[in-house]
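Hello,

Here is the structure we talked about handing over. Please load it first, then read the notes below it.

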Amino acid sequence: MAKRYGMVIDLARCVGCQTCAIQCKLENNVPLGLAWNRVLTMGGSQLDTPKGTFPNLEMYHVPLACQQCENPACVKVCPVGATYQRPDGIVLVDWDLCIGCRYCITACPYGARVFNWGNPVHVPDFPVGNADVSTRPRGVVEKCTFCIQRVDKGLEPACVASCPARARFFGDLNDPESQVSKLIVEKSGYQLLPEIGTDPKVYYLPPRRKGFVSQ
Amino acid sequence: MKESGRTSGRMSQIINVTNAWLAVLIAIMGVGAIAYFAFQFTTGLIVTGMRDIVVWGLYIITFIFFIGLSAGGLIISSSSYVFGAERWKPISRVATLLAFVCVAIAAGTIVADLGRPDRVLNLFLYPQFDSPFIWDLIIITSYLVISLVDLWFMCRADFARKRSIFAFGTKDISDQAVARDKKIVKAISFVALPTAIMLHSVTAWIFGLQMARPWWNTAILAPVFLASAMVSGLALVILTTLIGRQRGLLNVDLSVLQDIGKLLAVVVLVDFFLKSTELLTLFWPNAEAELARLSLVVSGPFSSLLLIEWTIGGIVPFVILAYPRTRRNALGLAVASILLIVGVFAYRVELVLPGFVVPLVSLPPGQAVGQYIPGVSSYAVTGTYSPTWVEYAVTGAMIALGAFIVTVGAKIVPFGSSKDADKE
């Protein structure tokens, strides 16, 4: 059976350290003001703040990037086929084809896509990260690629490899014996916004406290 | 002698006023061209007020607004053939010209909105037919072709009679040829009317099919688009015809416009019925998500737009059109038309922007907005948008271009005296 790459993020293990967000930005040479991967706080109204009053506080973190949907809304709306799905299920953007209409950004329920409104800015002013990631021009959409430059070489995506809390897992969803498949089944993995019908290949394992699941 | 002197004086007056008007339009287009080519084209969409979260702004609002404004055209000219509304024939030419211009402007704003306008041909080279954008491209192209061909066949005999270059070499002005033209126009009408309906529906589906935007994601959006398009479209036809009459370019009886005014009043009712159905469906269940969406337009930053849409853009013009005494004079018709166009524009803003402001996943710190400004967070939980001068200038230039084509078109297209209309 063909491979179907997926990711599992264990919210009970995530400590909200933002390492994956920073590592993603470095690895993929993401320009200033843009982010492919971010770690959101489920709790109060500010980053890293809980909800409730002491001692009844609740908080956990939700790392969010492209959900690599099995039924991607972004691919369907792209008028020129610049956003497409690889046979292994990874959704990518062709920066040489994109016309910059931003229709895919409106179609994405997760806010996972970012746009190069001007010329990409880098500080310091040279490309960083993986040499296999191409530089993008002004006026195109970009987003998480599941680090194809690493995955195609048999490595894990940068966010998975760098997670200090070992909250992230990567593997083949088509293989019922893979670590990700087992985790989803054993720990009741769930998808974000399942009602939208996009069928993400990123699964979340619930934070430990009962009655405090998803949004 | 005295008579002709007065006439030529009046003629030169008309030409002077027209020239001044054209000069103003050219100036506006010039500013827009500078804004686009010297700023947006060379530095990117960073010069607009759009950022991630609110990724569509004034350009897309203008796009759907102009698609809507085109509705009067083919609907009036086609109805006069398909449903035999003979009395509307005198304005079918101006209506068709308006339809063509409005759709052309709409297509222009789409190009202005692209981050890579240099790759616009990709739309034709690599079309992806699942995308409602491509459906819209197909229907817009068809609509432009149909309205232009329709207009030409309406006017061909007049062009030939005047030996105008726009006759494209056809010289036949025999009764047979005129009858053949009429048949062709009638045949086109049967295609044009469904095309016009599809144009508004497909434009609505660009928004209405998006599950990620609950504010847009409603099956009633296409009917609402059709109704609101007819409101603004018919209002534009009435307004333009009134101006044409005033300038002595059109010889149309006011009673024809009153007829259209009456139809307009009915369409306004239908439009507001459909919109109320949608608002009630959001309000009644008292469900958190729906109420949150509704509160954006009812009590939030967009509430003034809703107020404009329903009062001075809805109830007031409706009363003017429904009340015979105000409907029967040119001023009443003009005021009602302007107010309705304003109301429909408010609706367009209110449809596009609230769809973006609160993303489905809006947890702190939010998402990156796409620009780093020292001292300001690059992240935002909810979106904000206000257009920049570049967007105003480019949009203004688009509108000026439309007005320019209509003004010049009024000199080329034989809108006709009543005599032309009779012969048609």
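Several helices of chain B cover the buried residues of helix 10 of chain B, including helix 9 (254-283), helix 11 (303-322), helix 13 (330-352) and helix 14 (354-357). Helix 10 itself runs over residues 288-298, and its buried residues are Arg293(B), Leu296(B) and Val297(B). Viewed down the helix axis, these buried residues fall within an arc of 90 degrees, so they line one face of helix 10 of chain B. Keep in mind that this is a predicted model.

Elsewhere in chain B, look at Ala23(B). Ala23(B) is part of helix 1 (residues 2-43) of chain B. Is Ala23(B) buried or exposed? Ala23(B) counts as exposed, because its C-beta neighbours inside 10 Å number 10, and the cut-off for exposed is 12 or fewer. Between the C-alpha atoms of Ala23(B) and Ile146(B) there are 31 Å; along the chain, the two are 123 residues apart.

Now chain A. Its secondary structure comes to six helices and nine strands. The radius of gyration of chain A is 17 Å, close to the 17 Å from the globule rule for 215 residues, so chain A is as compact as a globular protein of that length. The C-alpha trace of chain A spans about 50 × 40 × 30 Å along its principal axes. Of the 215 residues in chain A, 50% are buried. Among contacts in chain A with a separation of 6 or more, 61% come from residues 24 or more positions apart.

One sheet in chain A deserves a look. It is open, has three strands in the order 8-1-9, and its pairing is mixed. Strand 8 (168-172) and strand 9 (202-205) of chain A are the edge strands, each pairing on one side only. On average, neighbouring strands of this sheet are turned by 20 degrees against each other, direction ignored. Strand 1 (residues 5-10) of chain A pairs with strand 9 of chain A in the parallel sense, over four bridges. Asp10(A) stands opposite Leu205(A), which is in strand 9 of chain A. Helix 6 (residues 179-186) of chain A packs on the sheet and touches strand 1, strand 8 and strand 9 of chain A. The direction of helix 6 makes about 115 degrees with that of strand 8 of chain A.

Next, the interface. How many residues of chain A are in contact with chain B? There are 47, and they meet 41 residues of chain B. Strand 2 (38-42), strand 3 (60-64), helix 2 (73-77), helix 3 (103-107) and strand 6 (114-115) of chain A each supply at least two residues of the side that touches chain B. By class, that side of chain A has 31 nonpolar, 12 polar and four charged residues.

Last, some backbone points to check. Most residues other than glycine have a negative phi, and most peptide bonds are trans.

- Phe54(A) and Pro55(A) are joined by a cis peptide bond, with omega about 5 degrees. Pro55(A) lies in the loop between strand 2 and strand 3 of chain A.
- Pro364(B) and Pro365(B) are also joined by a cis peptide bond, with omega about 0 degrees. Pro365(B) sits in the loop between helix 14 and strand 1 (367-368) of chain B.
- Gln68(A), not a glycine, has a positive phi of about 45 degrees. Gln68(A) is in the loop between strand 3 and helix 2 of chain A. Gln68(A) is buried, with 25 other C-beta atoms within 10 Å.
- Ile53(B), not a glycine, has a positive phi of about 90 degrees. Ile53(B) is in the loop between helix 1 and helix 2 (58-69) of chain B. Ile53(B) is buried, with 24 other C-beta atoms within 10 Å.

Best wishes

Notes. Residues are numbered from 1 along each chain as its sequence is written. Chains are lettered from A and ligands numbered from 1 in the order in which they are written. This is a predicted model: local features need pLDDT of at least 70, side-chain atom pairs count only at pLDDT 80 or more; totals for chains, interfaces and linings use all residues. Two strands pair if DSSP finds at least two bridges between them. Axes are lines fitted to C-alpha atoms, for helices over the stretch in contact, and angles run from 0 to 180 degrees between N-to-C directions. Two residues are in contact if their C-beta atoms, placed from the backbone, lie within 7 Å. Ala, Val, Leu, Ile, Met, Phe, Trp, Tyr, Cys and Pro count as nonpolar, Asp, Glu, Lys and Arg as charged, and the others, Gly among them, as polar. A residue is buried if 20 or more other C-beta atoms lie within 10 Å of its own, exposed if 12 or fewer, and partly exposed in between; C-beta atoms are placed from the backbone. The radius of gyration is taken over C-alpha atoms; the globule rule is 2.2 Å times the number of residues to the power 0.38. The arc is that of the directions from the helix axis to the C-beta atoms.
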